[in-house]
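Have the sequence and the 3D view open as you read.

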Amino acid sequence: MFPMTSLKELLVGNRFDAAVADMANFITTTVDKQSGLTGMALKGALSTATKFDSDIVAKGSRRIMPEMAEGLDPLWQEYTAGGGTDFGAHLVANKDRAMDAILSVADRNSDTINIPGVSKMYGTLRGKAAKVVEQELPTIGQLVEKHAR
């Protein structure tokens with residue numbers, strides 16, 4: 001039997017630029033639709049970051065996507081081996097593992113942010129961001145599947 005292709009190989013191949021563009025758009029749209037105190041805090045953090053680099057969301061997406069794909073690969077392998085039809089639903093069904101894979105990448109990368117105050121802001125907002133990520137697992141799964149198939 002041949003080994004299955006890793007999610008990283010699928011996402012970082014020819015479709016990488018399109019996947020990065022979709023991820024950056026997803027992040028911006030997700031932050032924009034937040035409301036209340038969480039929305040204000042997340043929008044403020046994104047605004048601060050984009051003042052230093054207007055392309056920071058795309059650059060960040062390009063940087064974290066390979067790591068995120070590695071983290072989500074065990075879930076992808078289970079999903080494809082089982083003949084799944086909705087990776088987002090698979091992420092929701094395995095939310096603890098999916099959240100750990102996604103947030104561990106964000107946590108590792110937050111330490112390397114070179115924009116004054118943004119790294120500290122991440123630490124303050126991480127819990128709120130985790131709730132947003134959990135709500136968006138179906139969309140994250142759809143985005144990943146769109147570019148991995």
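Helices (H or I, at least four residues) and strands (E, at least two) are DSSP runs, numbered from the N terminus. Thr-30, for instance, is found in helix H2. Keep in mind that this is a predicted model: local features need pLDDT of at least 70, side-chain atom pairs count only at pLDDT 80 or more, and totals for chains, interfaces and linings use all residues. Residues are numbered from 1 along each chain as its sequence is written, and side-chain values use heavy atoms, with hydrogens and water left out.

**Helix H2 and its buried side**

- H2 has 17 residues and reaches 24 Å from its first C-alpha to its last, close to the 24 Å expected at 1.5 Å a residue (the expected span is 1.5 Å times one less than the number of residues).
- Phe-16, Ala-19, Val-20, Met-23, Ala-24, Phe-26, Thr-30 and Val-31 of H2 are buried. They cover an arc of only 160° around the axis, which puts them on the same side of H2.
- Buried means under 20% relative accessible area, exposed over 50%, and partly exposed in between (1.4 Å probe, protein chains only). The arc is that of the directions from the helix axis to the C-beta atoms.
- Thr-30 has a relative accessible area of 8%, so it counts as buried.
- Leaving aside residues up to four places away in sequence, Thr-30 touches Val-132 and Glu-136 (contact means heavy atoms within 4.5 Å).

- The axes of H2 (residues 16-32) and H8 (residues 137-148) come within 10 Å and cross at roughly 165°. That makes H2 roughly antiparallel to H8.
- Axes are lines fitted to C-alpha atoms, for helices over the stretch in contact, and angles run from 0 to 180 degrees between N-to-C directions. Angles under 35 degrees count as roughly parallel, over 145 as roughly antiparallel, 65 to 115 as roughly perpendicular and the rest as oblique.
- On the H2 side, the contact with H8 is made by Ala-18, Ala-19, Asp-22, Met-23 and Phe-26, and on the H8 side by Thr-139, Ile-140, Leu-143, Lys-146 and His-147.
- H2 also packs with H4 (residues 56-81), at an angle of about 115° and with the axes 9 Å apart. That makes H2 roughly perpendicular to H4.
- The H2–H4 contact involves several residues, including Phe-16, Val-20 and Ile-27 of H2 and Val-57, Met-65 and Pro-66 of H4.

- Lys-33 sits in the loop between H2 and H3. Lys-33 is exposed, with a relative accessible area of 51%.
- H3 (residues 36-52) has 17 residues and spans 25 Å between its first and last C-alpha, close to the 24 Å expected.
- Which residues of H3 are buried? They are Gly-39, Leu-42, Ala-45, Leu-46 and Ala-49. Their arc is only 135° around the axis, which puts them on the same side of H3.
- An α-helix has 3.6 residues a turn, so residues three or four places apart point the same way.
- Turned away from the buried side of H3 is a face with the exposed residues Leu-37, Met-40, Lys-51 and Phe-52.

**A residue in H4**

- Gln-77 lies in H4 and counts as buried at 17% relative accessibility.
- Gln-77 and Leu-7 are 70 residues apart along the chain, with their C-alpha atoms separated by 7.9 Å.
- Not counting residues up to four places away in sequence, Gln-77 touches Met-4, Thr-5, Ser-6 and Leu-7.
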